[in-house]
Amino acid sequence: MKKLFLKLIAPVTQTHWSADLLFAVIRFICGMLLALSFGADKFGMPWTPEGQNLDLFEVSAWFPEDVASYGGIFALAPIFFAWMGAFSEAVGGLFLAFGLKTRIASFLIMCTMLVAIFMQKWGQGTWGMLPAMSFLWVSIYNLFLGSGRFGIDYLITRKMK
């Protein structure tokens, strides 16, 4: 079990620390944008504006309706999928920013961004899809690389080895 856990969270480190630092800066900025802006608009977090009237971990009333309009499996369980999407942006964004369970958070963010691109933003042209596409690319490279040297995953795996 320890080997599986290590394989899941152990990050790939670059040859030079400056490359890891560059990846960490991008990861941190994208994660914080997801958590503080995109996620907080849909999901009750401590920093969600009071005007949203959301309790902790509560999803905005409009979001399940939006998810249900995608049809298919999303229409069968819109509250679940809305909660998962909002959670992956708000909490997954924090995990991504700090390099904690980076691959798991990246996978959830990647799934959310793919749904956003193909189900919501597709008809809006490139500029409409650009934020979701940007988060998708960042989540893909973090899915494969992990947090690098500058993340909590790196500290955890160093202690476990």
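This is a predicted model: local features need pLDDT of at least 70, side-chain atom pairs count only at pLDDT 80 or more; totals for chains, interfaces and linings use all residues.
**Helix contacts, salt bridges and a nonpolar patch**

Ile-9 lies in helix 1, which spans residues 2-9. Although Ile-9 and Ile-156 are 147 residues apart along the chain, their C-alpha atoms are separated by 8.5 Å.

The arrangement of helix 2 and helix 5 was considered next. Helix 2 comprises residues 17-39, while helix 5 comprises residues 78-98. The axes of these two helices come within 7 Å and cross at roughly 160°, which means that helix 2 is roughly antiparallel to helix 5, since angles over 145 degrees are placed in that class. The crossing in which helix 2 passes helix 5 is left-handed.

Helix 6 and helix 7 form another crossing. Helix 6 runs over residues 102-121, and its axis comes within 8 Å of the axis of helix 7, the two crossing at roughly 160°. Helix 6 is therefore roughly antiparallel to helix 7, and helix 6 passes helix 7 in a left-handed crossing.

Side chains of opposite charge can pair when their charged atoms come close. A search of the whole structure finds two salt bridges. In one of them, Asp-20 is joined to Arg-149, and the closest N and O atoms are 2.8 Å apart. This pair links distant parts of the chain, for Asp-20 belongs to helix 2, whereas Arg-149 sits in the loop between helix 7 (125-145) and helix 8 (152-160), 129 residues apart.

The salt bridge between Glu-89 and Lys-42 has its closest N and O atoms 2.7 Å apart. Here too distant parts of the chain are linked, with Glu-89 in helix 5 and Lys-42 in the loop between helix 2 and helix 3 (62-68), 47 residues apart. Glu-89 counts as buried at 7% relative accessibility, and Lys-42 is likewise buried, with a relative accessible area of 11%.

A nonpolar surface patch of about 860 Å² is made by Trp-17, Leu-21, Val-25, Phe-28, Ile-29, Leu-33, Phe-38, Phe-98, Phe-150 and Ile-152. Helix 2 provides the largest share of this patch, namely seven residues. Another member of the patch, Phe-98, is found in helix 5. Phe-98 is partly exposed, with a relative accessible area of 39%, and can therefore be counted in a patch, for which a residue must have over 30% relative accessible area.

Conventions. Residues are numbered from 1 along each chain as its sequence is written. Side-chain values use heavy atoms; hydrogens and water are left out. Patches are made of residues with over 30% relative accessible area and no salt bridge: like charges are joined within 9 Å, nonpolar side chains (Val, Leu, Ile, Met, Phe, Trp, Tyr) within 5 Å. Accessible areas come from the Shrake-Rupley method with a 1.4 Å probe; for residues, only the protein chains shown count as cover. A salt bridge is a side-chain nitrogen of Lys or Arg within 4 Å of a carboxyl oxygen of Asp or Glu. Helices (H or I, at least four residues) and strands (E, at least two) are DSSP runs, numbered from the N terminus. Buried means under 20% relative accessible area, exposed over 50%, partly exposed in between (1.4 Å probe, protein chains only). Axes are lines fitted to C-alpha atoms, for helices over the stretch in contact, and angles run from 0 to 180 degrees between N-to-C directions. Angles under 35 degrees count as roughly parallel, over 145 as roughly antiparallel, 65 to 115 as roughly perpendicular and the rest as oblique. A crossing is left-handed if the near helix is turned anticlockwise from the far one by less than a right angle, and right-handed if clockwise.
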